[in-house]
There are 2 protein chains.
Amino acid sequence: MSPEKKITVKKQAYTVNDELADEIRFLMKEKKKLFFNIMGSVGAGKTLLLENLAQRLSKYHRIFVINGDIATTIDSDRIAQHGVKTVQINTGGGCHLNANLIHKELNKINLDNYDIFFAENVGNLICPAAWDIGAQLNVVVVSITEGEYVIKKHPIIFKNAEIAIINKCDLDGLGFDSDILVEDASKIKSSMKIIRTSAKTGTGVEELIAALGIKVPKGEEYA
Amino acid sequence: MSPEKKITVKKQAYTVNDELADEIRFLMKEKKKLFFNIMGSVGAGKTLLLENLAQRLSKYHRIFVINGDIATTIDSDRIAQHGVKTVQINTGGGCHLNANLIHKELNKINLDNYDIFFAENVGNLICPAAWDIGAQLNVVVVSITEGEYVIKKHPIIFKNAEIAIINKCDLDGLGFDSDILVEDASKIKSSMKIIRTSAKTGTGVEELIAALGIKVPKGEEYA
């Protein structure tokens, strides 16, 4: 296959994806639903953060979580324990979710039965950056154990995100440093909302809920 | 584009890649060179392990390291400090090395000037698994901070590797557990060589050198 042909094929795939992503975003907006794309490497803490969110939000909102992984239903099983609806997409060898996969799952349910949708993308800091899934906000999670260069080395996914979560901050100072990651994230995108969290202790989760624009009754923020 | 067309295009790409990978493997064998593919997620410790290997082996062997990343020359700069030749491949958004990228770099040098070649693949536990780069041994590195499910969730890359390194074992017991990862790796592939390391302290690096089949003068194993 000629290089020109290869590029054309790839462009076509992106165009189809982006149109479908826009359709999902339009539908969610029209129905006044929230839809968030949670990206990050394996072990960054995406699932544990979603467990925290599910636990705190499920008494006020009806939540639907789509978990992407190349194998197993571990993530959706973990999150489902907290009173929210989950569905696992196994991509086989696929390294990212895309708008078509999301569209298919949303078609199986009645959107009106839920208020907030989360997609936990496949654990990977590269490929998910290139595929719009129709979310209103893209969130990227890194943990401070991933090394001090992790943000510098992955500029694309940070450019395409609105919120950066610096996780595992309970280990801050124990041979790991969150400051350098906060600095790098703000250098890549000055408008980036940066939130330090520990999904293990729950630190920063309330701040994340506020940054996502999710309302909880006044006085019950720490329920 | 029809689904059949898409599959055909992908198959063609893999076929071309695999032929080139076989060519690289044949050439390396003929010239009695060693070539290793080091895979693993971002922050697993691939670069620090290669720094350890470079430091210990560079007085006995002429080493060439190809570093793959989507951006920056951080990794090759770090490894080059230890008296070995390095070259950085920036893939842009590309999520893995392939045989063509390796072939191009090898074509620029005289292979006879080196004994051992390492490729540090792009930080990602998914995509590198699908692309043969012509190495004689595939090594996958995970760190115990990546969570207890990291191997269960990525069976393909472990099936395609001969050596699994369980890294950051200096943190073993401090909220992290290496035993579960060792168990999962051996379940996926009973013939897998599994080595516990701490790239930070140097633990396990001698065992890794032996597993790679690299000779060092007797009595100087811990030099």
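Me: What makes the radius of gyration of chain A agree with that of a compact globule?

Reply: In this predicted model, chain A has a radius of gyration of 17 Å. With 223 residues the rule gives a value near 17 Å, so chain A agrees with it. Along the principal axes, the C-alpha atoms of chain A fill a box of roughly 55 × 40 × 35 Å.

Me: What confidence does the predictor give to chain A, and what are the scores of the model?

Reply: On a scale from 0 to 100, the mean pLDDT of chain A is 93. A value of 70 or more is reached by 94% of the residues of chain A. The model has an ipTM of 0.83 and a pTM of 0.89.

Me: Which helices and strands does chain A have, and in what order do the elements run?

Reply: Chain A has seven helices and seven strands. From the N terminus on, their order is α-β-α-β-α-β-α-β-β-α-β-α-β-α.

Me: What makes β3 and β7 of chain A edge strands?

Reply: The seven strands form an open sheet with parallel pairing, in the order β3-β2-β4-β1-β5-β6-β7 (chain A). In chain A, β3 (85-90) and β7 (193-196) each pair on one side only, and they are the edge strands. Neighbouring strands of this sheet are turned by 20 degrees against each other on average, direction ignored.

Me: How do you know that β5 and β6 of chain A pair?

Reply: Pairing requires at least two bridges between two strands. Strand β5 (residues 137-143) of chain A is joined to strand β6 (residues 163-167) of chain A by five bridges.

Me: Where does helix α4 of chain A pack?

Reply: Helix α4 (residues 99-107) of chain A packs on the sheet and touches β2 (63-69), β3 and β4 (116-120) of chain A. Its direction makes about 140 degrees with that of β3(A).

Me: How do you know that β1 and β4 of chain B pair?

Reply: Strand β1 (residues 34-40) of chain B and strand β4 (residues 116-120) of chain B are joined by five bridges and run parallel. They therefore count as a pair. L34(B) stands opposite I116(B) in β4(B).

Me: Why are the two copies described as related by a two-fold rotation axis?

Reply: Chain B is superposed on chain A by a rotation of 180 degrees with 0.0 Å of shift along its axis, at an RMSD of 0.0 Å. The copies are thus related as by a two-fold rotation axis. The C-alpha of N124(B) is the one in chain B nearest the axis, at 3.0 Å from it.

Me: How do you know that the copies meet through the same surface?

Reply: Of the interface residues of chain B, 100% are also interface residues in chain A, so the surface is the same in both copies. The contact takes 29 residues from chain B and 29 residues from chain A. On the side of chain B that touches chain A, the elements giving two or more residues are α1 (3-30) and α5 (155-159) of chain B. That side of chain B divides into 16 nonpolar, nine polar and four charged residues.

Notes
Residues numbered from 1 in each chain as written. Chains lettered and ligands numbered in written order. Predicted model: local features only at pLDDT ≥ 70, side-chain atom pairs only at ≥ 80, totals over all residues. Least-squares fit on C-alpha atoms with pLDDT ≥ 70 in both. Contact = placed C-beta atoms within 7 Å. Helix = DSSP H or I, 4+ residues; strand = E, 2+ residues; numbered from the N terminus. Nonpolar A, V, L, I, M, F, W, Y, C, P; charged D, E, K, R; others polar. Rg over C-alpha atoms; globule rule 2.2 N^0.38 Å. Axes fitted to C-alpha atoms, helices over the stretch in contact; angles between N-to-C directions.
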